[in-house]
Amino acid sequence: MLKPLGKRVIIRKLEAEEKTASGIVLPSQAKEKPQMAEIVAIGKEVDEVKIGDKVVFKKYVGTEIKVDNEELTICEIEDILAILE
């Protein structure tokens, strides 16, 4: 597993909904990038979130990597906007 350095976290993006609130199914190209994720690892300088937290993050941030066939994103803690409770 990866261990982020400094004030970085590793997140696993949660899948976007495939239907709108009114029940319309969206084609894959119409879906927005998901902005919710689960924290899978934190750097030593991070104390705002913990592993397993569900969070909302800024669009188009971080470095996407693939580890053991799993797509993960490394981003700065400043890119995390909120914790879902």
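Two residues are in contact when heavy atoms lie within 4.5 Å. In this predicted model, residues 24 or more positions apart account for 59% of the contacts in the protein with a separation of 6 or more. The protein contains 0 helices and 6 strands, and its elements follow the pattern β-β-β-β-β-β when read along the sequence. Of the 85 residues, 26% are buried.

Strand 4 spans residues 63–67 and strand 5 spans residues 70–76. These two strands run antiparallel and are joined by 5 bridges. Within this pairing, Ile65 has Leu72 of strand 5 as its bridge partner. The two strands form a hairpin, with 2 residues between them. Asp68 lies in the turn and has a positive phi of about 50°.

Thr73 is also placed in strand 5. Its relative accessibility is 3%, and Thr73 therefore counts as buried, since the cut-off for a buried residue is under 20%. When residues up to four places away in sequence are not counted, Thr73 touches Val9, Ile10, Ile11 and Lys13, as well as Val61, Gly62, Thr63 and Glu64. Among these, Thr63 belongs to the range of strand 4, residues 63–67. In a regular strand, side chains alternate between the two faces of the sheet.

Notes:
Residues are numbered from 1 along each chain as its sequence is written. This is a predicted model: local features need pLDDT of at least 70, side-chain atom pairs count only at pLDDT 80 or more; totals for chains, interfaces and linings use all residues. Side-chain values use heavy atoms; hydrogens and water are left out. Two strands pair if DSSP finds at least two bridges between them. Helices (H or I, at least four residues) and strands (E, at least two) are DSSP runs, numbered from the N terminus. Buried means under 20% relative accessible area, exposed over 50%, partly exposed in between (1.4 Å probe, protein chains only).
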